[in-house]
Amino acid sequence: MPQSDDKRLVDLAARIEQDDPHFARSLSSGRPAKPREYRHTRAWWVLGIGVILLFVGLVMPHGLLIATGLVLSGIGAQLFDPYPPRRDSRHRHSAR
């Protein structure tokens with residue numbers, strides 16, 4: 001027997017609340033915010049700081065600044081991924 005539309009909507013609302021609570025709260029308050037997939041402010045800041053440190057490290061030949069800039073740039077680029085891999089205990093144990 002097919003599920004009712006109400007049950008599907010309740011399931012969808014529960015998944016949205018679990019995935020992105022900020023977005024779900026903003027919808028319920030009537031003032032929608034951008035979903036997590038479109039919020040990149042932190043990623044831009046980390047990437048910008050990383051590029052600045054990399055440039056400063058290249059201008060002043062300093063290996064630690066270059067390495068820090070490269071690491072922060074990599075972290076910033078990784079933050080742009082809208083669907084990061086999730087840790088799920090079910091998948092960890094299935095490889096045995």
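Valine 59 lies in helix α3, which covers residues 41-59, where helices are DSSP runs of H or I with at least four residues, numbered from the N terminus. The model is predicted, and local features need pLDDT of at least 70, side-chain atom pairs count only at pLDDT 80 or more, and totals for chains, interfaces and linings use all residues. Residues are numbered from 1 along each chain as its sequence is written, and side-chain values use heavy atoms, with hydrogens and water left out.

**Overall make-up**
- The chain holds five helices and zero strands, and along the sequence these follow the pattern α-α-α-α-α.
- Of the 96 residues in the chain, 11% are buried, a word that stands for under 20% relative accessible area, with exposed meaning over 50% and partly exposed in between (1.4 Å probe, protein chains only).

**Around valine 59**
- Valine 59 counts as exposed because its relative accessibility is 54%.

**Helices α1 and α2**
- Two packed helices are described by the angle between their axes and the distance between the axes.
- The axes of helix α1 (residues 5-19) and helix α2 (residues 21-29) come within 5 Å and cross at roughly 125 degrees, so that α1 is oblique to α2; angles under 35 degrees count as roughly parallel, over 145 as roughly antiparallel, 65 to 115 as roughly perpendicular and the rest as oblique.
- Their contact, meaning heavy atoms within 4.5 Å, is made by Ile16, Glu17, Gln18 and Asp19 of α1 together with Pro21, Phe23 and Ala24 of α2.

Methods
Helix = DSSP H or I, 4+ residues; strand = E, 2+ residues; numbered from the N terminus. Axes fitted to C-alpha atoms, helices over the stretch in contact; angles between N-to-C directions.
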